[in-house]
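Subject: Structure for your review

Dear colleague,

I am handing over the structure we spoke about, followed by notes on what was found in it. Please read the notes with the structure open beside them.

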Amino acid sequence: MLNQKKVFWLINQYSSTPETAMGGRHYYLAQELAKKGHQVYVIAGRYSHLLRTPKQFNEQYLVENIAPNFSFVWVNLPEYEEAHSKQRVLNWFKFSWQLRGLSELISDQPDMILYSSPSPIGYLGAKYLANKFKSKFVFEVRDIWPLTLIELGGHSPKHPFVRLMQWIEDRAYQKSDFVFSNLFNAVEHMKTRGLNEQKFHWIPNGISLPEVLNKEPLAQEILEQIPKNKFIVGYTGTLGVANAIDDLIEAAKLVKHYPDIHFVLVGSGKERELLIAKANELHLNNITFIDAIPKKQIQSMLAEFDVCYIGWQKNSLYRFGIAPNKLPEYLFAAKPIIHAFSGKGDVVEQANAGLTIEAENPIAIQKAIENLYQLNAEQRKILGENGKNFVLQHLDYAMIATKLEKVVFNL
């Protein structure tokens, strides 16, 4: 029966609404599932370091009605200073424990419960609920833990806490009905931890079509900062080490003899002041830094660029793939993309939407810029349109929601 209404509980401690932070993956998936007539609950922590404006309330839970069939459930958690605080770790346990109370709070019994990492700890509370309700259970991996802590954080695999996480990860692969990841190649790691490959499904990050189509125009003072009659290589997002912006600034130095190539970097971040200082030290007058803008204006900004840049460091974990929210937005903007990435599962390559080059290599960025600059407008337009078509065929959240339905319920 095609119009069977199901109840979905999507549990992600770090989920948010557009008002509190970004909205993001589970918010948009919930929106689309609700439009199809399903009843959807997104369950998240009231406080995290990723939220701009956390909800304030004293009770254990707060249920917020977002749209017909779609409610957001906030679990009350203590505030903490920063990402590396001990309280953040304690909140993983508190969140997991408080999930048990949802069986009393929510009257709609779930047909499916999805628990989304990074922290595997909440799996314990989510699986308790799935067992209690005999519902289908999905374990979703967005960051591979504890591998990330071992390979990037330098923690020993023998550390008791890492061992606990490892036990949970292995158990989740065995006990879940399905395992999802937005990392294209994550199954390669999961198989080494005992996952039956048949359970794995790639459920990518995407775009909310209503949001990108209803873009807000840029404010006049922002528009005035964008140079006119230039070939603009643009970036929007966090200005940080992980995003390889220093490599882009090095590339700006290498192409400064082209008077009409200009770089526009839009965003905030810990490294912003250092990057501005670096550009000044190198006497570069071909870079403009613009403050972060609201998410609803991103498409208006991307429309001003000729080429979009996204870069990464060389990171061993990228062999399993990447899932930035930025890439679907760039692709939808129909601009050719320079992707400085050394890893697997590259969407820019799959979509034939630009040039993928080695990460951490300013000379490769320089050559890619020159290549795209030397194409004619029509050739660049074809690369951009390839990207937009790829998004419309594969990365629209309405389609991703349909894929999720089909996987879990054969609907």
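In which loop is Asn 229 found? Asn 229 is found in the loop between helix H9 (220-223) and strand E9 (231-236), where helices (H or I, at least four residues) and strands (E, at least two) are DSSP runs, numbered from the N terminus.

Some conventions come before the rest. This is a predicted model, so local features need pLDDT of at least 70 and side-chain atom pairs count only at pLDDT 80 or more, while totals for chains, interfaces and linings use all residues. Residues are numbered from 1 along each chain as its sequence is written, and side-chain values use heavy atoms, with hydrogens and water left out.

Backbone features

Asn 229 has a positive phi of about 55° although it is not a glycine, and at 77% relative accessibility Asn 229 counts as exposed; here buried means under 20% relative accessible area, exposed over 50%, and partly exposed in between (1.4 Å probe, protein chains only). Lys 134, in the loop between H4 and E6, also is not a glycine and has a positive phi, of about 50°, and with a relative accessibility of 75% Lys 134 counts as exposed. A positive phi, near 55°, is found as well at Asn 410, the residue that follows H17.

The peptide bond that joins Trp 145 and Pro 146 is cis, with omega about 5°, and Pro 146 lies in the loop between strand E6 (136-141) and helix H5 (147-151). Pro 146 is touched by Gln 166, as is Arg 193, when residues up to four places away in sequence are not counted; contact means heavy atoms within 4.5 Å. Gln 166 itself is found in helix H6 and is buried, with a relative accessible area of 17%.

Helix packing

Two packed helices are described by the angle between their axes and the distance between the axes. Axes are lines fitted to C-alpha atoms, for helices over the stretch in contact, and angles run from 0 to 180 degrees between N-to-C directions.

Helix H4 (residues 123-133) and helix H6 (residues 160-175) pack at an angle of about 25°, with their axes 11 Å apart. That makes H4 roughly parallel to H6 (angles under 35 degrees count as roughly parallel, over 145 as roughly antiparallel, 65 to 115 as roughly perpendicular and the rest as oblique). In this contact, Tyr 123, Leu 124 and Lys 127 of H4 meet Trp 167, Ile 168, Arg 171, Ala 172 and Lys 175 of H6. The residues of the contact of H4 with H6 divide into five nonpolar, no polar and three charged, where Ala, Val, Leu, Ile, Met, Phe, Trp, Tyr, Cys and Pro count as nonpolar, Asp, Glu, Lys and Arg as charged, and the others, Gly among them, as polar.

For H1 and H17, the packing angle is about 75° and the axes are 9 Å apart, which means that H1 is roughly perpendicular to H17. Arg 25, Tyr 28, Leu 29, Glu 32 and Leu 33 of H1 make the contact with Tyr 397, Ala 398, Ile 400, Ala 401, Leu 404 and Glu 405 of H17, and the residues of this contact divide into eight nonpolar, no polar and three charged.

Helix H17 (residues 397-409) has 13 residues and reaches 18 Å from its first C-alpha to its last, close to the 18 Å expected at 1.5 Å a residue, the expected span being 1.5 Å times one less than the number of residues. The buried residues of H17 are Tyr 397, Ile 400, Ala 401, Leu 404, Glu 405, Val 407, Val 408 and Phe 409.

In helix H10 (residues 245-254), the buried residues are Ile 245, Asp 247, Leu 248, Ile 249, Ala 251 and Ala 252, and the elements that they pack against include E9, helix H11 (272-281) and helix H15 (362-374).

Two further residues

Ser 15 has its place in the loop between strand E1 (7-11) and helix H1 (25-35), and is buried, with a relative accessible area of 4%. Leaving aside neighbours within four places in sequence, Ser 15 is in contact with His 26, Tyr 27, Val 42, Ala 44, Leu 51, Phe 72 and Trp 74.

Val 89, found in helix H2 (residues 86-98), counts as partly exposed at 28% relative accessibility.
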